[in-house]
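User: Hello! I am new to this structure and would like to learn how to read it. Could you guide me through its features one at a time?

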Amino acid sequence: MDESRRSDKATAVAAWEALFRAQVTVMRALNADFPGGEISFNEYDVCFNLSTQPERRCRMRELTGHLLLTQPSVSRLVERLAARGIVEKQPDPSDARGVIVALTAHGFDVYRSVAVQHAQTIADQVGAGLDDNELRTLTELCTKLRVAAGDRPARRTRPTADAVVA
């Protein structure tokens, strides 16, 4: 490996470490300050993601793709939210095996109430060390990173049969 490639790799790893540690620190603070009277932090994440979808509803599979939780964990969260009338599960008319999760009117009210308080905590935490220009730059960089990572297929950690043959 040439020296410039080694340097690029070290720089990328250092950037990842900084990003990851900042994210963990901020998430811990947000979780600690979360106004969780009616819904938990993870339940809020479900409601937030549903609130961004057309008609505040989407397939369970799509919802799971937006969250950093396993499919069984998302299913349990949705069941708890449905039991409290915050979401409702509906059959998917285009696929009998699929389930649509919809944010109810009551659920949207709960989400909105928590979101107002949570947004202030986010502003306090994320804005604490960054000015407006830096926040805009952070948004642009994170978006660029997310898009680039989404365009790349995940690398396998084990060699495939094709790689062994070649």
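Analyst: Happy to! Let's begin with the idea of a contact: two residues are in contact when they have heavy atoms within 4.5 Å. In this predicted model, among contacts in the protein chain between residues at least 6 apart in sequence, 51% join residues at least 24 apart.

User: What share of the residues is buried?

Analyst: A residue is called buried when its relative accessible area is under 20%. Of the 166 residues in the protein chain, 26% are buried.

User: Which residues have the most contacts inside the largest nonpolar core?

Analyst: First, the general idea: nonpolar side chains in soluble globular proteins tend to be buried together. Here the largest nonpolar core has 25 residues, and Leu 50, Leu 63 and Val 87 have the most contacts inside it. Two or more residues of this core come from each of α2, α3 (60-66), α4 (71-83), β3 (95-103) and α5.

User: Is Asn 49 buried or exposed?

Analyst: Asn 49 counts as buried because its relative accessibility is 8%, below the 20% cut-off. This residue sits in helix α2, and its side chain reaches the backbone oxygen of Asp 45 at 2.8 Å. Beyond residues up to four places away in sequence, Asn 49 touches Leu 63, His 66 and Leu 67.

User: And what does His 118 contact?

Analyst: His 118 belongs to helix α5 and is buried, at a relative accessible area of 5%. Leaving aside neighbours within four places in sequence, His 118 is in contact with Leu 30, Phe 34, Pro 35, Phe 41 and Tyr 44.

User: How do I read the largest pocket, and which residues are closest to its centre?

Analyst: Start with the space, then look at the lining. The largest pocket holds about 1600 Å³ of space. It is lined by 32 residues, and Gln 23, Met 27, Leu 30, Leu 68 and Cys 142 are the closest to its centre. By class, the lining has 21 nonpolar, 9 polar and 2 charged residues.

User: Which helix gives the most to that lining?

Analyst: That is α1, with 8 residues. At least two lining residues come from each of α1 (3-32), α2 (41-51), α5 (105-126) and α6 (132-151).

Methods. Residues numbered from 1 in each chain as written. Predicted model: local features only at pLDDT ≥ 70, side-chain atom pairs only at ≥ 80, totals over all residues. Heavy atoms only, no water. 1 Å grid on protein atoms, 1.4 Å probe; cavity = no way out; pocket = protein on both sides within 12 Å on 5 of 7 lines; lining within 4 Å. Points joined across faces, edges and corners; volume = space filled by probe spheres on them. Helix = DSSP H or I, 4+ residues; strand = E, 2+ residues; numbered from the N terminus. Nonpolar A, V, L, I, M, F, W, Y, C, P; charged D, E, K, R; others polar. Buried < 20%, exposed > 50% of the residue type's maximum accessible area, 1.4 Å probe, protein only. Polar contact = N/O pair within 3.5 Å; in protein donor to acceptor, adjacent residues only side chain to side chain. Core = buried A, V, L, I, M, F, W, Y, C linked by side-chain atoms within 4.5 Å.
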